[in-house]
Amino acid sequence: MNNFIDYAPVSERQLGFYIDSSRCSGCKACQVACKDKNNLEVGRRFRRIYEVRGGGFTPTGQGGVSNNVYAYTLSIACNHCQDPICAVNCPTTAMHKRPGDGIVRVNTDKCIGCGYCAWSCPYGAPQLNQATGQMSKCDFCVDLLAAGKSPICVATCPLGAIKFGPIDDLRAQYGDISDVQGLPDSAITHPNLVIKPHLGAEPRSK
(Lines give C-alpha, C1' and ligand atoms only; values in the text may rest on other atoms or scores of the structure.)
Protein backbone atom coordinates (compact mmCIF):
# COMPACT_ATOMS: atom_id res chain seq x y z
CA MET A 1 0.00 0.00 0.00
CA ASN A 2 1.38 3.41 -0.98
CA ASN A 3 1.31 6.02 1.77
CA PHE A 4 3.21 8.84 0.11
CA ILE A 5 1.05 11.55 -1.46
CA ASP A 6 2.92 13.35 -4.23
CA TYR A 7 1.23 16.74 -4.38
CA ALA A 8 1.92 18.74 -7.51
CA PRO A 9 4.46 21.59 -7.14
CA VAL A 10 2.71 24.85 -6.34
CA SER A 11 5.30 27.06 -8.01
CA GLU A 12 7.80 26.97 -10.81
CA ARG A 13 10.29 28.79 -8.59
CA GLN A 14 12.18 27.69 -5.50
CA LEU A 15 10.25 28.39 -2.29
CA GLY A 16 11.90 29.53 0.92
CA PHE A 17 11.33 31.03 4.36
CA TYR A 18 11.98 34.50 5.74
CA ILE A 19 12.51 34.70 9.50
CA ASP A 20 12.38 38.11 11.16
CA SER A 21 14.29 37.24 14.31
CA SER A 22 14.06 40.86 15.46
CA ARG A 23 10.30 40.33 15.92
CA CYS A 24 10.37 36.78 17.29
CA SER A 25 9.39 36.69 20.97
CA GLY A 26 10.14 33.01 21.44
CA CYS A 27 6.48 32.22 22.19
CA LYS A 28 6.81 28.87 20.33
CA ALA A 29 3.38 29.19 18.73
CA CYS A 30 4.87 28.09 15.39
CA GLN A 31 6.54 25.08 16.99
CA VAL A 32 3.39 23.98 18.82
CA ALA A 33 1.15 24.49 15.76
CA CYS A 34 3.55 22.43 13.63
CA LYS A 35 3.60 19.61 16.19
CA ASP A 36 -0.20 19.65 16.38
CA LYS A 37 -0.72 19.63 12.61
CA ASN A 38 1.72 16.79 12.09
CA ASN A 39 0.66 14.86 15.21
CA LEU A 40 4.24 14.73 16.49
CA GLU A 41 5.04 12.94 19.71
CA VAL A 42 7.17 14.42 22.48
CA GLY A 43 10.72 15.02 21.28
CA ARG A 44 9.99 15.22 17.54
CA ARG A 45 9.80 18.78 16.23
CA PHE A 46 9.86 19.87 12.61
CA ARG A 47 10.10 23.57 13.54
CA ARG A 48 12.26 24.44 16.52
CA ILE A 49 12.87 27.59 18.54
CA TYR A 50 16.51 28.12 19.47
CA GLU A 51 17.77 30.54 22.10
CA VAL A 52 20.98 32.18 20.93
CA ARG A 53 23.23 34.07 23.35
CA GLY A 54 26.65 35.57 22.98
CA GLY A 55 28.87 38.61 23.14
CA GLY A 56 30.58 39.96 26.20
CA PHE A 57 32.22 42.91 27.89
CA THR A 58 35.46 44.46 26.66
CA PRO A 59 37.60 46.89 28.69
CA THR A 60 37.85 50.26 26.97
CA GLY A 61 41.27 50.99 28.47
CA GLN A 62 39.87 54.09 30.09
CA GLY A 63 38.37 52.50 33.17
CA GLY A 64 35.13 51.43 31.56
CA VAL A 65 33.77 48.58 29.49
CA SER A 66 31.86 48.27 26.25
CA ASN A 67 29.54 45.39 25.54
CA ASN A 68 28.07 43.55 22.60
CA VAL A 69 25.96 41.13 24.63
CA TYR A 70 23.00 39.68 22.77
CA ALA A 71 20.27 37.10 23.34
CA TYR A 72 17.52 36.24 20.90
CA THR A 73 15.32 33.45 19.64
CA LEU A 74 15.44 31.92 16.18
CA SER A 75 12.74 29.80 14.53
CA ILE A 76 14.24 27.15 12.23
CA ALA A 77 12.83 24.20 10.30
CA CYS A 78 14.00 22.43 7.15
CA ASN A 79 15.43 25.07 4.82
CA HIS A 80 14.71 23.13 1.61
CA CYS A 81 18.30 23.77 0.62
CA GLN A 82 19.58 24.38 -2.87
CA ASP A 83 22.13 21.60 -2.32
CA PRO A 84 20.38 19.29 0.16
CA ILE A 85 23.06 17.01 1.54
CA CYS A 86 20.30 14.87 3.06
CA ALA A 87 19.11 13.93 -0.43
CA VAL A 88 22.64 13.40 -1.72
CA ASN A 89 23.38 10.87 1.04
CA CYS A 90 20.03 9.05 0.95
CA PRO A 91 20.75 5.53 -0.43
CA THR A 92 17.19 4.92 -1.68
CA THR A 93 16.33 8.39 -3.11
CA ALA A 94 13.51 8.59 -0.56
CA MET A 95 14.81 12.01 0.43
CA HIS A 96 14.48 14.12 -2.68
CA LYS A 97 14.12 17.68 -3.93
CA ARG A 98 11.16 17.93 -6.20
CA PRO A 99 11.24 20.02 -9.38
CA GLY A 100 9.48 23.34 -9.61
CA ASP A 101 9.10 24.62 -6.05
CA GLY A 102 12.21 22.81 -4.77
CA ILE A 103 10.58 21.43 -1.62
CA VAL A 104 12.63 18.64 -0.03
CA ARG A 105 10.43 15.69 0.91
CA VAL A 106 10.65 12.14 2.23
CA ASN A 107 9.02 9.45 0.09
CA THR A 108 7.90 7.03 2.79
CA ASP A 109 7.35 4.32 0.18
CA LYS A 110 11.13 4.26 -0.26
CA CYS A 111 12.49 5.26 3.16
CA ILE A 112 14.20 2.46 5.12
CA GLY A 113 14.95 4.58 8.18
CA CYS A 114 18.72 4.29 7.90
CA GLY A 115 19.22 7.79 9.30
CA TYR A 116 21.90 8.93 6.83
CA CYS A 117 19.88 12.06 6.09
CA ALA A 118 19.72 13.00 9.76
CA TRP A 119 23.46 12.49 10.21
CA SER A 120 24.12 14.65 7.15
CA CYS A 121 21.83 17.62 7.75
CA PRO A 122 23.61 20.49 9.55
CA TYR A 123 20.22 21.87 10.64
CA GLY A 124 18.93 18.66 12.24
CA ALA A 125 15.80 18.67 10.08
CA PRO A 126 15.20 14.95 9.36
CA GLN A 127 13.96 13.05 12.42
CA LEU A 128 13.03 9.44 13.01
CA ASN A 129 9.38 8.55 13.34
CA GLN A 130 9.63 5.85 15.99
CA ALA A 131 6.18 4.48 15.15
CA THR A 132 6.98 3.78 11.49
CA GLY A 133 10.76 3.40 11.63
CA GLN A 134 11.07 5.98 8.85
CA MET A 135 12.44 9.49 8.61
CA SER A 136 10.24 12.56 8.74
CA LYS A 137 10.67 16.32 8.43
CA CYS A 138 9.07 19.62 7.51
CA ASP A 139 7.52 19.31 4.04
CA PHE A 140 6.54 22.99 3.80
CA CYS A 141 2.94 21.94 4.54
CA VAL A 142 2.51 20.82 0.94
CA ASP A 143 -1.10 19.80 1.64
CA LEU A 144 -1.95 23.32 2.77
CA LEU A 145 -0.06 24.86 -0.15
CA ALA A 146 -2.03 22.65 -2.55
CA ALA A 147 -5.21 24.05 -1.02
CA GLY A 148 -4.00 27.62 -1.51
CA LYS A 149 -3.14 28.15 2.16
CA SER A 150 0.03 29.17 4.01
CA PRO A 151 2.27 26.78 5.95
CA ILE A 152 0.93 26.39 9.48
CA CYS A 153 3.96 28.11 11.06
CA VAL A 154 3.44 31.18 8.88
CA ALA A 155 -0.29 31.31 9.59
CA THR A 156 0.17 30.86 13.34
CA CYS A 157 2.94 33.33 14.20
CA PRO A 158 1.20 36.13 16.14
CA LEU A 159 3.91 38.66 15.27
CA GLY A 160 4.22 37.87 11.57
CA ALA A 161 7.86 36.90 12.03
CA ILE A 162 7.71 34.03 9.50
CA LYS A 163 6.97 34.52 5.82
CA PHE A 164 7.30 32.30 2.77
CA GLY A 165 7.42 32.62 -0.98
CA PRO A 166 9.78 32.32 -3.93
CA ILE A 167 13.22 32.77 -2.41
CA ASP A 168 14.28 35.25 -5.10
CA ASP A 169 11.38 37.51 -4.09
CA LEU A 170 12.19 37.19 -0.40
CA ARG A 171 15.85 38.07 -1.01
CA ALA A 172 14.91 41.03 -3.18
CA GLN A 173 12.67 42.37 -0.42
CA TYR A 174 14.56 41.39 2.76
CA GLY A 175 18.20 40.82 1.77
CA ASP A 176 20.24 37.65 1.61
CA ILE A 177 21.49 37.00 5.16
CA SER A 178 21.31 33.32 6.11
CA ASP A 179 24.42 33.19 8.30
CA VAL A 180 23.79 34.29 11.89
CA GLN A 181 25.20 33.26 15.22
CA GLY A 182 23.84 29.84 16.16
CA LEU A 183 23.50 28.43 12.64
CA PRO A 184 25.94 26.40 10.53
CA ASP A 185 27.75 27.89 7.55
CA SER A 186 25.29 28.40 4.70
CA ALA A 187 27.97 27.32 2.22
CA ILE A 188 27.42 23.70 3.28
CA THR A 189 23.95 23.34 1.73
CA HIS A 190 22.92 26.82 0.50
CA PRO A 191 19.65 27.03 2.45
CA ASN A 192 16.67 28.80 0.94
CA LEU A 193 16.39 31.00 3.97
CA VAL A 194 16.56 34.71 4.70
CA ILE A 195 16.99 35.99 8.26
CA LYS A 196 16.69 39.45 9.74
CA PRO A 197 18.96 39.21 12.80
CA HIS A 198 17.80 40.43 16.17
CA LEU A 199 19.03 43.88 17.17
CA GLY A 200 22.63 43.60 18.40
CA ALA A 201 23.22 40.13 16.96
CA GLU A 202 25.81 40.37 14.21
CA PRO A 203 25.62 37.95 11.28
CA ARG A 204 28.06 35.11 11.85
CA SER A 205 31.44 35.70 10.20
CA LYS A 206 32.43 33.13 7.61
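Modeller: Let's start with the largest pocket, which has a volume of about 590 Å³. Of the 24 residues that line it, the closest to its centre are Asn-38, Arg-105, Val-106, Thr-108 and Asp-139. The elements giving two or more residues to this lining are α1, β7 (104-106), β9 (134-136) and α4 (142-146). This is a predicted model, where local features need pLDDT of at least 70 and side-chain atom pairs count only at pLDDT 80 or more, while totals for chains, interfaces and linings use all residues. Residues are numbered from 1 along each chain as its sequence is written, and side-chain values use heavy atoms, with hydrogens and water left out.

Biologist: What makes a space a pocket or a cavity?

Modeller: On a 1 Å grid over the protein atoms alone, a cavity is a set of points where a 1.4 Å probe fits but cannot get out, whereas a pocket is an open set with protein on both sides within 12 Å along at least five of seven lines; lining residues have an atom within 4 Å of a point. Grid points are joined across faces, edges and corners, and a volume is the space filled by probe spheres set on the points.

Biologist: How many cavities of 30 Å³ or more does a search of the whole structure find?

Modeller: Four. The largest cavity holds about 110 Å³ of space. It is lined by 14 residues, of which Cys-34, Asn-38, Cys-138, Phe-140 and Cys-141 lie nearest its centre.

Biologist: Why does Phe-140 count as buried?

Modeller: Buried means under 20% relative accessible area, exposed over 50%, and partly exposed in between (1.4 Å probe, protein chains only). Phe-140 has 1% relative accessibility, so it is buried. This residue sits in the loop between β9 and α4, and has a positive phi of about 65° although it is not a glycine.

Biologist: Why is the pair Glu-41 and Arg-44 called a salt bridge?

Modeller: A salt bridge is a side-chain nitrogen of Lys or Arg within 4 Å of a carboxyl oxygen of Asp or Glu. The N to O distance between Glu-41 and Arg-44 is 2.8 Å, so the pair qualifies. Glu-41 is partly exposed at 31%, whereas Arg-44 is buried at 7%.

Biologist: How many salt bridges are found in the whole structure?

Modeller: Six. Among them is Arg-98 with Asp-101, whose closest N and O atoms are 2.8 Å apart. Arg-98 is buried at 5% relative accessible area, and Asp-101 is buried at 0%. Another is Arg-53 with Glu-51, at 2.9 Å; both of these residues are exposed.

Biologist: And what makes Phe-57 exposed?

Modeller: Its relative accessible area is 59%, over the 50% cut-off, so Phe-57 is exposed.

Terms used: Helices (H or I, at least four residues) and strands (E, at least two) are DSSP runs, numbered from the N terminus.
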